[in-house]
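Here's a quick briefing to read with the model open. Have the viewer ready.

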Amino acid sequence: MDVTIYAAVAGNGVIGREGGLPWRLSSDLKRFKATTMGNPIVMGRKTWESFPKKPLPGRLNIVVSRDAAYRAEGAEVVTSLKDALTLATAKGRCMAAAEEICIVGGGEIYRQAIGIADRLKLTHVLADIDGDTLFPNVDPEIWALVSAEDLPAGEKDSHATRYTVYERRGGSGRQV
Ligand SMILES: NC(=O)c1ccc[n+]([C@@H]2O[C@H](COP(=O)([O-])OP(=O)(O)OC[C@H]3O[C@@H](n4cnc5c(N)ncnc54)[C@H](OP(=O)(O)O)[C@@H]3O)[C@@H](O)[C@H]2O)c1
């Protein structure tokens with residue numbers, strides 16, 4: 001299965017602040033839910049802990065932690081990104097709706113996964129925003145922009161956004 005990174009990224013690269021999201025983007029969360037539904041999703045332990053103590057419904061939640069004793073109720077815990085991809089591939093084969101492995105953050109996981117992902121689905125938040133967690137550089141020599149859609153801020157959105165899809169030039173970079 002292809003590996004796709006999902007992230008919302010401010011103009012200055014910020015994706016998070018103090019363990020949470022520094023914006024309110026209800027429209028983007030709705031799209032995120034619809035596009036990741038039925039797929040395995042892989043996240044770092046800190047992103048898992050930013051959720052309200054339960055898995056995102058309708059998706060196989062896989063949490064990466066170096067602590068082998070870590071437990072996340074309703075999710076699978078693995079101790080490396082490689083193990084996360086292996087588990088997602090094995091279980092994804094038995095999930096009728098699974099089309100791709102979704103990497104859903106946060107910064108530490110994105111930094112490792114961008115080298116092996118096939119695709120990026122990035123919501124560009126059209127503002128520079130204060131924060132402490134960044135998305136890695138998207139190198140245009142590696143990533144080709146294949147679609148972009150400008151979206152004004154809806155009633156429950158703090159910012160206008162641009163929803164984009166990038167494909168890796170020259171095929172998969174996966175080596176794990
Ligand atoms: N804007 C967005 O789209 C978006 C999406 C997701 C998250 N976020 C934000 O990003 C922030 C969290 O990101 P973060 O960088 O602080 O943390 P993170 O990437 O969510 O989680 C980091 C943790 O993952 C585990 N980990 C990372 N690499 C590992 C590896 N190779 N093997 C085993 N375990 C590994 C470690 O857990 P242990 O410490 O347990 O070993 C590490 O402390 C929050 O503010 C969150 O709201 C934003």
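Predicted model: local features only at pLDDT ≥ 70, side-chain atom pairs only at ≥ 80, totals over all residues.

Residues are numbered from 1 along each chain as its sequence is written, and side-chain values use heavy atoms, with hydrogens and water left out.

**Strand β4**

- Start with β4 (residues 60–64): five of its five residues are buried, so the strand is largely enclosed by the rest of the structure. Buried means under 20% relative accessible area, exposed over 50%, and partly exposed in between (1.4 Å probe, protein chains only). Strands (E, at least two residues) and helices (H or I, at least four) are DSSP runs, numbered from the N terminus.
- Both faces are covered, with L60, I62 and V64 buried on one side and N61 and V63 on the other.
- β4 runs parallel to β3 (residues 40–44), with five bridges joining them, and P40 has L60 as its bridge partner. Strands count as paired if DSSP finds at least two bridges between them.
- β4 also runs parallel to β5 (residues 76–78), this time through three bridges, and V64 partners V78.

**Salt bridges**

- The whole structure has nine salt bridges, each being a side-chain nitrogen of Lys or Arg within 4 Å of a carboxyl oxygen of Asp or Glu.
- D2 pairs with R119, the closest N and O atoms being 2.8 Å apart. That links strand β1 to strand β7, across 117 residues.
- R119 also meets E167 (3.0 Å, N to O), tying β7 to β10 (residues 161–168).
- R119 is buried at 14% relative accessible area, while D2 is partly exposed at 32% and E167 is partly exposed at 28%.
- D2, E100, R119, K121 and E167 are linked in a salt-bridge network.

**The largest pocket**

- About 1300 Å³ of space lies in the largest pocket. On a 1 Å grid over the protein atoms alone, a pocket is an open set of points where a 1.4 Å probe fits, with protein on both sides within 12 Å along at least five of seven lines; lining residues have an atom within 4 Å of a point. Grid points are joined across faces, edges and corners, and the volume is the space filled by probe spheres set on them.
- Its lining has 49 residues, with T47, S50, F51, V104 and G105 nearest the centre.
- Elements giving two or more residues to that lining include β1 (2–10), α1 (26–36) and β7 (119–125).
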